[in-house]
Amino acid sequence: MRISHGLLPGQVLQRNRNNNGGANVRGVCAADGDVECRILAGDKILSGHDWQVVGQAANRKFEATLSAIPTGGPYRVEWRLGHSTDTAEGVSVADIFVGDVWILAGQSNMEGVGNLKDAPEPHPLVRAFYMRDEWGLAQEKLHFLAEAVDVIHNGYGNGSARPSDESIDGIRKNQVKGCGPGLPFALAMQCRTGIPQGLIACAHGGTSMAQWSPTLRDRGGASLYGAMMRRYEKLGQPVAGVLWYQGESDANAECAAVYTEKMVELIEATRNDMNLPGLPWLIVQLGCHIASGGTYWNSVQDQQRRLPESIERLDAVPAIDLSLDDGIHISGRDQQALGRRLARAADRLVHGNQAALPAIALEKVDIIHMPDTRADNPSKAVTITYKNVAGALVSQGRPSGFALVNADGEEVPGIFKTVLAGDRVTLHTDFSGFQLSRLGVSYGYGRYPYCNITDSEGMSLPVMRAVMIDPDHAPACEKWETVRIPDARTVSDVDPAAIGAAAPWTAAPPRTGFGFLPKPPYDNQTGVFAMRTCVTAATPLAARVTFGANAPFKIWLNGEAIGEDISAGPPLSPDQYTIDIQLIKGENILAVAIALPGPGAHLGIHACIGTPAGKRDPNIELF
């Protein structure tokens, strides 16, 4: 007899809900008839698993089904045809375990490029299905591409011959890099559950979502998805979940735009193709990278953070605070921390352990008053509340990693103190509440931030690209035109007729700083200028203008005066004036006259339009 599918020496069989495992086994044999087997633990026959018929052989092929094998191992499965005692007619498969099996997929940080000197010690109950299609004791390096069966991994072909076994052994002995999160994860899961763990190595460094596309499955071992499915089908059993670390290759304008879409497609395909509709996914949010810029890097990170909102049975574990062993790869030492984080999330997501918490997730962002602020300079703080915090949020040294970001994605300095308390972070700022309402809060801004906030179990806060502090706030009027009123000496000399006769109108650039304070482009001139913008209403409605100016002004709506302050001056307080208005259906023209005192002045206005409560109104569109 020879087994060709479903049971390999050293294999970990996936347990079911009853905490036992089985296998659908196929092979070839010398005769037809009953196929029998027995299972031994050491020298003792496992209870209920003495010789029994488990399948049939016909036309020199056989199929058999094993079931009700309890978690644990190692076991030895002995096979025979009928009641034959001729050992030549049977086969024995040793070192079979029953526990949980996990697929490791993604690119280099899952493949493992951490320093091997920091590799964890192996455990006899943690096994790996290596790329050579053989099971063995799991030890780094798990992903050894040179010995892979599939051409997508080994790169052989097109004139490149496979090296000899001696050459491959030499390559392995000279490896200094190879630590990934898979082995630390399995060690942590074995500690949590007490049962064997199996890892199926499928990751490959430098690969993109396009290269992992399920549409390439028909290429078999010449595609990443095809190779993963071939190995899954060879084992002939379900798995407990998928561990995924990928995204570095997609941190660019074209790929980042569709990253979530591609992840949804990939996860849906695996669940369909493996016939596991609830297959759990544990993904790693991108860590750091020594490189300039971070727009698309942060975009992929934020999409990964939010994937649990759109994909059921998925959790995302952060890596932003972990150290590197080169410019982009998690260190061998901190891969062990990452493995423990993944195990915590898996224990809850896969096994339903209510004592284990999922990864930390954002709950809400608020603006609060700082009671110790000066009365003449009232500043506000931002509080960020998280859920799934084990114990309390802590940091080694000064809590670091948060930033304020404007609408253009640029960092705005202003946080002077970060305070941790339980599941809450408070960012003390120099800004008013109105200023903060126009900004976003980020954690892990850029590609190589310093982040050091975790909970008591060592789970990091997730990277946030830019969560609006007050997303419901009435939007600002950002597009203005401006023109000089040549005959006016003060704003009192301006009326709607003078504004209507003035020309030529030009676009007013935004004021620097927050990027939303428009000003006339005449900083070195003295005089009176008009500014105007268009507000479109879907229907006649009541609204509110929240207005600020740091120079004398008058303001009109559709030619009717609605406010003025001829003594206004610096500083500009964006919410100093509130004016209730009535918009007509269609276009409404908001016009302002402002007086500039002379060279060197950096003056401007600010206006928001929304509901009478100061919130965003979907029936109002600003131009």
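Helices, as counted here, are DSSP runs of H or I at least four residues in length, and strands are runs of E at least two residues in length, both numbered from the N terminus. By that count the protein chain has 11 helices and 38 strands. The radius of gyration of the chain is 33 Å, well over the 25 Å that the globule rule gives for 623 residues, so the chain is more spread out than a compact globule. The model is a predicted one.

**Overall form and surface**

- The C-alpha trace of the protein chain spans about 115 × 45 × 45 Å along its principal axes.
- Among the 623 residues of the chain, 55% count as buried.
- For contacts with a separation of 6 or more in the protein chain, 74% are between residues 24 or more positions apart.
- The protein chain has an accessible surface of about 26,500 Å², and carbon and sulfur atoms account for 49% of that surface.

**Nonpolar cores**

- In soluble globular proteins, nonpolar side chains tend to be buried together.
- The largest nonpolar core of this model holds 104 residues, and the members that touch the most others are Ile103, Trp244, Trp281, Ile384, Tyr386, Phe402 and Val441.
- Helix α9 (residues 332–349) supplies the largest share of this core, with 7 residues.
- A second, separate core consists of 30 residues, including Trp480, Leu541, Ile605 and Ile609.
- Trp244 belongs to the largest core; residues up to four places away in sequence aside, Trp244 touches Ala105, Gly106, Met110, Met209, Trp212, Tyr259, Met263, Leu266, Trp281, Leu282, Ile283 and Val284.

- His428 is part of strand β23, which covers residues 424–429.
- With a relative accessible area of 13%, under the 20% cut-off, His428 counts as buried.
- When residues up to four places away in sequence are not counted, His428 touches Met370, Ala381, Gly414, Ile415, Phe416, Lys417 and Val419.
- Gln285 is located in the loop between β16 (281–284) and α8 (295–310).
- The relative accessible area of Gln285 is 2%, and this residue is therefore buried.
- Apart from neighbours within four places in sequence, the contacts of Gln285 are Tyr245, Gln301, Asp302, Gln304, Arg305, Val317, Pro318, Ala319, Pro462 and Val463.
- From C-alpha to C-alpha, Gln285 and Ser379 are 34 Å apart in space, and they are 94 residues apart in sequence.

- Gln52 lies in strand β6, which covers residues 52–58.
- The relative accessible area of Gln52 is 33%, and the residue is partly exposed.
- Beyond its neighbours within four places in sequence, Gln52 is in contact with Val35, Glu36 and Cys37.
- Gln52 and Arg80 are 28 residues apart along the chain, and their C-alpha atoms are separated by 9.9 Å.

**Backbone features: cis peptide bonds**

- Gly73 and Pro74 are joined by a cis peptide bond with an omega of about 10°.
- Pro74 is found in strand β8, which covers residues 72–81.
- A cis peptide bond also runs from Glu140 to Lys141, with omega near 10°.
- Lys141 is placed in the loop between β12 (135–137) and α2 (151–154).

**Backbone features: positive phi values**

- Ala68 is a residue other than glycine with a positive phi, near 55°.
- Strand β7, which covers residues 61–70, contains Ala68.
- Ala68 has a relative accessibility of 43% and counts as partly exposed.
- Asp95, likewise a residue other than glycine, has a positive phi near 55°.
- Strand β9, which covers residues 91–106, contains Asp95.
- Asp95 has a relative accessibility of 38% and counts as partly exposed.

Technical notes: Residues are numbered from 1 along each chain as its sequence is written. This is a predicted model: local features need pLDDT of at least 70, side-chain atom pairs count only at pLDDT 80 or more; totals for chains, interfaces and linings use all residues. Side-chain values use heavy atoms; hydrogens and water are left out. The radius of gyration is taken over C-alpha atoms; the globule rule is 2.2 Å times the number of residues to the power 0.38. Buried means under 20% relative accessible area, exposed over 50%, partly exposed in between (1.4 Å probe, protein chains only). Contact means heavy atoms within 4.5 Å. Accessible areas come from the Shrake-Rupley method with a 1.4 Å probe; for residues, only the protein chains shown count as cover. A nonpolar core is a set of buried Ala, Val, Leu, Ile, Met, Phe, Trp, Tyr and Cys residues joined through side-chain atoms within 4.5 Å.
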